[in-house]
Amino acid sequence: MTYKAAMTALLAALALAACDAVRVPGVDQPGTTPAPSEPVSDPAPNTTPAETNSADLGAEIETPPAQPAPDEPPAPLVTHLSQINAATCGLPETAEPTLTLAEINESAELGPQTESLIQTQVVGVTLAVSSLDLFPGIVKMEPVNYNAVGDRSSGHCGATRIAEQWFLTAAHCVDDGYEEINFIAGTVNVRDSESANIFNAEASICHAGYSGLDTAMINDIALIKVSDETLPTIRNIPIATYGAPEEAFSPENYTTAVMAGWGSTSYGSSPSPLLLSADVSLVSASPGVILVESLDGKGPCQGDSGGPLYVREDDGQQRVVGVLSNVQSARGSTPCAGTYRGQYTNVAGYVDWIDDVISACDANDVLCRN
């Protein structure tokens with residue numbers, strides 16, 4: 001081969017190698033190594049770059065901006081409580097009435113009492129506590145009636161603040177008619193007039209499926225609303241977390257729970273002025289009902305109805321899982337003593353109902369004025 005032919009072949013091989021080293025923008029070609037490129041200087045001033053055809057290989061294609069999703073139609077306005085399975089509190093005329101403290105005491109030959117106590121079949125002995133910190137949202141609730149000469153007769157129940165304007169309690173606490181509902185909050189001693197925060201309710205809404213003793217006290221749950229004007233005076237009452245706990249609520253995961261209230265310490269006695277509490281053993285939990293059992297004779301008592309049942313989560317937070325409905329006394333035993341079971345409404349089964357009532361009343365304020 002002549003010198004000229006050899007040079008021609010060498011130049012051709014170099015040209016092919018240069019072609020192999022070319023990479024299409026945005027595409028890696030395996031098995032090839034890009035040749036080092038010479039630095040490119042900035043374009044000269046006043047130089048307009050050539051337009052790029054979007055069809056050119058490697059050109060970026062602009063994505064059109066996303067169109068906003070069409071607005072969902074607003075939920076229909078609730079115009080009647082029956083649409084959300086709720087009702088103004090009260091028993092049907094044909095239902096068996098819940099018992100008052102006086103009626104219970106007369107049947108037990110304990111003598112008349114000066115105050116009525118709604119649903120007094122709740123029994124037990126409890127331990128006084130010194131702080132509200134472990135019982136977020138808890139308040140004492142007293143439905144009140146006045147007779148013809150102005151004498152006051154009040155029921156004694158518990159309740160828990162679960163939303164800005166809403167308190168959770170038992171339906172049987174407000175099923176017997178009342179002229180007003182008073183709350184006492186902010187103190188472990190409800191007779192301490194200097195520390196007690198006293199305010200009134202605006203409305204009470206009960207579950208429409210509640211029929212008292214006729215249906216074994218199922219759906220024994222109610223929501224009590226306070227007015228806008230009351231809010232500044234209750235800002236120090238914490239709003240409790242409520243509903244299903246972190247783990248499945250069963251005796252395997254939660255062997256005990258904690259009750260609290262201002263109930264009696266013995267059957268037929270007056271409600272305690274001091275906040276009382278006791279651990280109780282968890283027996284079972286269905287979607288609607290929680291059953292607990294007293295420990296060493298300690299448990300809920302008269303006047304604790306409507307009050308909360310708490311469990312403590314791993315992070316230390318107290319969660320309201322139940323609302324006290326009634327107690328199933330042990331056969332042959334004296335109430336407020338021994339081993340007996342208490343029935344709580346399982347709040348987890350009513351979270352949707354609670355949300356529906358609060359949402360409906362927020363949207364239609366007239367709906368929840370009674």
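Among contacts in the protein between residues at least 6 apart in sequence, what share joins residues at least 24 apart? In this predicted model, the share is 68%. The protein has three helices and 17 strands, and buried residues make up 42% of its 370 residues. Its accessible surface comes to about 20,000 Å², of which 53% belongs to carbon and sulfur atoms.

Six salt bridges are present in the structure. One of them is formed by the side chains of E142 and R152, with an N to O distance of 3.1 Å; this pair links distant parts of the chain, E142 being placed in strand β3 (residues 138-146) and R152 in strand β4 (residues 152-154), 10 residues apart. E142 is buried, at a relative accessible area of 9%, whereas R152, with a relative accessible area of 36%, is partly exposed. Both residues also belong to a network of salt bridges in which K140, E142 and R152 are linked.

A further salt bridge joins the side chains of E202 and K225 (3.8 Å, N to O). Because E202 is located in the loop between β8 (197-200) and β9 (203-207) while K225 lies in strand β10, this pair ties together parts of the chain that are 23 residues apart in sequence. K225 counts as buried, since its relative accessibility is 2%, a value under the 20% limit for that class, and E202 is partly exposed at a relative accessible area of 27%.

The side chains of R341 and E293 likewise meet in a salt bridge, at 3.4 Å from N to O. Here R341 is part of strand β17 and E293 part of strand β14 (residues 289-294), so that parts of the chain 48 residues apart in sequence are tied together by the pair. R341 is partly exposed, with a relative accessible area of 34%, and E293 is partly exposed as well, with a relative accessible area of 24%.

Strand β17 (residues 341-346) also contains N346, which is buried at a relative accessible area of 7%. When residues up to four places away in sequence are not counted, N346 touches A285, S286, P287, G288, V289, I290 and V321.

On the surface, E164, D228, E229 and D362 gather in a patch of negative charge. Within this group, D228 is found in the loop between β10 (222-225) and β11 (241-242), and D228 counts as exposed because its relative accessibility is 52%, where exposed means over 50%.

Notes: Residues numbered from 1 in each chain as written. Predicted model: local features only at pLDDT ≥ 70, side-chain atom pairs only at ≥ 80, totals over all residues. Heavy atoms only, no water. Patch = residues over 30% accessible without salt bridge, like charges linked within 9 Å, V, L, I, M, F, W, Y side chains within 5 Å. Areas by Shrake-Rupley, 256 points an atom, 1.4 Å probe, with all protein chains shown as cover. Salt bridge = Lys/Arg side-chain N within 4 Å of Asp/Glu carboxyl O. Lys, Arg positive; Asp, Glu negative; His and termini not counted. Charge placed at Lys NZ, Arg CZ, Asp CG, Glu CD. Helix = DSSP H or I, 4+ residues; strand = E, 2+ residues; numbered from the N terminus. Buried < 20%, exposed > 50% of the residue type's maximum accessible area, 1.4 Å probe, protein only. Contact = heavy atoms within 4.5 Å.
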